[in-house]
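Welcome! Let us take a walk through this structure together, one feature at a time.

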Amino acid sequence: MRQSVIAALLFVLSLSAVRAEEVDRRHELAKLRTELAAAYYARGQYGVALEELKNALNARSDYAMAYSIQGLVYMDLREYDTADKSFQRALSLAPNDADVNHNYGWFLCNKRDKFTESLRYFTTAMKNPLYTTPEKSMQQAGLCATKAGDLKAAEDYLRKSDRIQPDDTQTLLGLAQLAYRRGEFEATRQLLARHARLGTPIAEALWLNVRVDRKLGSGEADSGFAKELKTRFPDSDEARRLAAGQFD
């Protein structure tokens with residue numbers, strides 16, 4: 001009798017071990033396929049990315065990150081309703097996952113113009129102690145709070161991001177734009193100088209330089225920043241505003 005019980009227990013344990021191995025195998029396959037999909041997405045190969053995500057979800061239908069990357073792909077394809085469903089599915093499976101929350105927050109802010117709502121998801125991402133890049137969500141929360149008109153919160157988020165990663169051009173430009181809106185033109189110039197040291201100028205930064213120079217009484221229609229803006233970015237919105245004299 002005892003031997004029969006022991007044999008039955010050993011059978012159950014071995015069966016459980018086999019099942020656990022199968023679950024682990026499917027998880028690793030889903031993870032690998034999702035990572036491949038993310039790489040294809042980054043290169044703009046959306047069809048291949050979606051195929052890899054299909055493979056990932058065939059391996060494990062509850063793999064949250066696959067749905068999150070799927071949301072990003074559909075977002076870039078401008079299929080926003082489908083993207084939203086993918087993001088929502090990811091959140092239902094992993095409501096506290098930092099990357100899942102960050103991706104949905106970015107989508108809401110930049111593609112749905114739901115600036116205030118997006119902050120909820122960035123905040124959830126930032127609160128996750130396992131999140132390795134919280135400054136990324138701090139930065140985006142700051143930029144979206146700016147769009148929402150909450151300039152105090154925007155500066156708080158961007159300052160925190162700047163302390164963690166002090167040489168991020170997007171954060172510096174965001175802080176410079178806030179300083180300009182507060183009328184702190186010398187601070188704006190200093191932030192733009194930091195921004196300029198980090199790489200090739202962009203239209204937004206050149207345009208802000210033109211405007212702050214005018215506020216400080218040192219700007220002319222054909223200043224260096226204005227010339228560079230017209231030369232580098234002749235078809236930009238900023239160049240058109242310069243030509244029209246729409247400085248504010």
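Are cysteine 109 and cysteine 144 buried or exposed? Cysteine 109 is buried, and cysteine 144 is too; buried stands for under 20% relative accessible area, exposed for over 50%, and partly exposed for what lies in between, using a 1.4 Å probe and protein chains only. Before going on, please note that this is a predicted model, in which local features need pLDDT of at least 70 and side-chain atom pairs count only at pLDDT 80 or more, while totals for chains, interfaces and linings use all residues. Residues are numbered from 1 along each chain as its sequence is written, and side-chain values use heavy atoms, with hydrogens and water left out.

Back to the two cysteines. A disulfide links cysteine 109 to cysteine 144, with 2.1 Å from S to S; the term covers a pair of cysteine sulfur atoms within 2.5 Å. Cysteine 109 belongs to helix H5 and cysteine 144 to helix H7 (residues 134-148), so the pair ties together parts that are 35 residues apart in sequence. Helices here are DSSP runs of H or I with at least four residues, numbered from the N terminus. The torsion about the S-S bond is about -115°, so this disulfide is left-handed.

Helix H5 (residues 98-111) also holds tyrosine 104 and phenylalanine 107, which sit 3 residues apart, about one turn of the helix. Both are buried. Across the whole structure there are 8 aromatic pairs. In one of them, tyrosine 104 and phenylalanine 107 are stacked, at 6.1 Å centre to centre and 20° between the planes. Rings of Phe, Tyr and Trp (its six-membered ring) pair when their centres lie within 6.5 Å, and planes under 30 degrees apart count as stacked, over 60 as edge-to-face and the rest as tilted.

Next, look at leucine 158 in helix H8 (residues 151-164). Leucine 158 counts as buried because its relative accessibility is 0%. Leaving aside neighbours within four places in sequence, the contacts of leucine 158 (heavy atoms within 4.5 Å) include Met138, Leu143 and Gly174.

Finally, find arginine 214, which lies over the face of phenylalanine 247, at 3.8 Å from the ring centre. For an Arg, this calls for CZ within 6 Å of the ring centre and within 35 degrees of the ring normal.

Notes
Helix = DSSP H or I, 4+ residues; strand = E, 2+ residues; numbered from the N terminus.
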